[in-house]
Amino acid sequence: EGAAPPGAMGAGTEPPGPAPSSVYLDYNATTPLAPEVAQALGEAACQAWGNPSSAHPAGRKAKELIAGARESLARMVGGRPEDVIFTSGGTEANNMVIHTALRHFRESKGQDGATPHIITSGVEHDSIRLPLEQLVKESLAEATFVPVSPRSGQAEVDDVLAAVRPTTCLVSIMLANNETGVIMPVSKLSQHIHVLNQKRVAEGLPRILVHTDAAQMIGKGRVDVQELGVDYLTIVGHKFYGPRIGALYVRGPGTTTPLHPMLFGGGQERSFRPGTENTPMIAGLGKAAELVSRNWEAYEAHMRDVRDYLEARLEASFGKQRLHFNSKFTGSKRLCNTCNFSILGPGLQGRRVLAHCKTLLASVGAACHSEKGDRPSSILLSCGIPYEVAQNALRLSVGRDTTRADVDLVVQDLVQAVAQLGEDGAS
Amino acid sequence: MAALGRAGAALLLRPARGAAGPALGYHKKVVDHYENPRNVGSLDRNAKNVGTGLVGAPACGDVMKLQVEVDENGRIVEARFKTFGCGSAIASSSLATEWVKGKTVDEALKIKNTDIAKELCLPPVKLHCSMLAEDAIKAALADYKLKQHPKKEEPEQKAN
């Protein structure tokens, strides 16, 4: 064969054409649909459009798909199909749990007039934090936001237990934090609450319900509701290559564990969450769950390998002195794919660095907080990270298809961005 | 990757402009390993004194198989490689086979990807190739060690 044209070789060359395509490293914000999920979704949209509540074949077909998806989700988290309620997403699922805890407290005997108390961490997603803040504002509940330990980045079990009051009705701690990647000690906490509940019931005190928002953990590590010992678990489709709906796992809804609906209507989802079902999305979610059940260990191993390689390359390129890893805490496990770090120095605020990147697509923290300007993440600050370091934070989260080659491109991009910012002078 | 004739290689080779300037095209050391690869081939993977490491994944575009033959004194006397990947990946694994020969198992485990990258003057975007070559060496030596002590519980080597 003859000589290949110069552009085709690629290695180490800057081709004269368009810049290398971007590398998306913001998988904690959202993930694309897996091809199999898009296919399942599309097929359901075209072929199973009937109303699942209808008796005729068009409806029955949709009903079967939904039943299949429900089983798939149950299998993914180690529960039973009857424990899965489909919702519009994580926000709705989280709100349902809080709503249920309050209703359950009010309906429990011996609580007349008392204000229910809810315990959560100081680093939760807004869909837990804001409903609680609203309830406190309206004097409908009291809330304790247990700060995370600056040493471990976790909401420590002892700190949570210390916050328990006679009026406590719910403890909600996220399974893995979206910004730092720290995994919280939910199993251990559940065990302690279970023991505590036995004593409380004997004393006539309300049972403490246990919830975990597992949005960031599914597809990145083991999620088993028997192991976790929780009463409720939030499932979010668009974090594990699924569509933009979610589900709530409830251990025996209406029987073992209370579940009170927020919406009233046509009786779907056993009246826990009525509304004509979103069959295509549910089918897609079921397929995404299937992929996770089959492959989560391989996904975790791969993402951990690529993330560790990213951290090694960052350290090699910027040097230990210039870099601070905000997601490394002693004694804590962390998500396999998250790397939160700050390049130290003036003028290197996270947003500025990202603006000067030509390849890297990432964020400085939770996507839903992106309008906050240059103020650093409150989650990092509450983990004890100094203000100037938190300001420079970058959150990179790798995905199932991220390669080490992508990492090399991104690190080079960051090096050039920082060099450029250095030339432009401090802001 | 298509076979490249001498003319093609010459097209890509630019005169060296010193360490600072960005060179367009492959470094001549990489081209050399590509055109005159050392130790391509296979050893008998069933032989007790042969360790085989298989790393990478076709989906990532890089797969390396590296094999070592170790003598009674724990010294690597022979090494072979086969690589599916870019020129830098081929050069990294070819260099790896050159470097492990003559070393003891423990000495070979000390070979770092940064040394390989430095020797081949790999650009930043190709550093992962040298990392994979280091993984391949470690995988081959781990396989060899496992074969000497089959009862020991060793973690499974995975091609990632």
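Reader: Why are α13(A) and α6(B) called oblique to each other?

Author: In this predicted model, the axes of helix α13 (residues 404-424) of chain A and helix α6 (residues 127-148) of chain B cross at roughly 140° and come within 8 Å. Angles under 35 degrees count as roughly parallel, over 145 as roughly antiparallel, 65 to 115 as roughly perpendicular and the rest as oblique. The two helices are therefore oblique. Residues are numbered from 1 along each chain as its sequence is written, and chains are lettered from A in the order in which they are written.

Reader: Which residues of α13(A) and α6(B) meet?

Author: From α13(A) come A:R404, A:A405 and A:D408, which meet B:L127, B:H128, B:M131, B:L132 and B:D135 of α6(B); contact means heavy atoms within 4.5 Å. Sorted by class, this contact has four nonpolar, three charged and one polar residue.

Reader: What makes A:S139 count as exposed?

Author: The relative accessibility of A:S139 is 57%, and exposed means over 50% relative accessible area, buried under 20% and partly exposed in between (1.4 Å probe, protein chains only). A:S139 therefore counts as exposed. This residue sits in the loop between α5 (126-137) and β4 (142-146) of chain A, and its phi is near 55°, a positive value in a residue other than glycine.

Reader: Why is A:R270 called partly exposed?

Author: A:R270 has a relative accessible area of 43%, so it is partly exposed. The residue lies in the loop between β8 (246-250) and α9 (279-318) of chain A. Phi of A:R270 is near 55°, a positive value in a residue other than glycine.

How values were computed:
Predicted model: local features only at pLDDT ≥ 70, side-chain atom pairs only at ≥ 80, totals over all residues. Heavy atoms only, no water. Axes fitted to C-alpha atoms, helices over the stretch in contact; angles between N-to-C directions. Helix = DSSP H or I, 4+ residues; strand = E, 2+ residues; numbered from the N terminus. Nonpolar A, V, L, I, M, F, W, Y, C, P; charged D, E, K, R; others polar.
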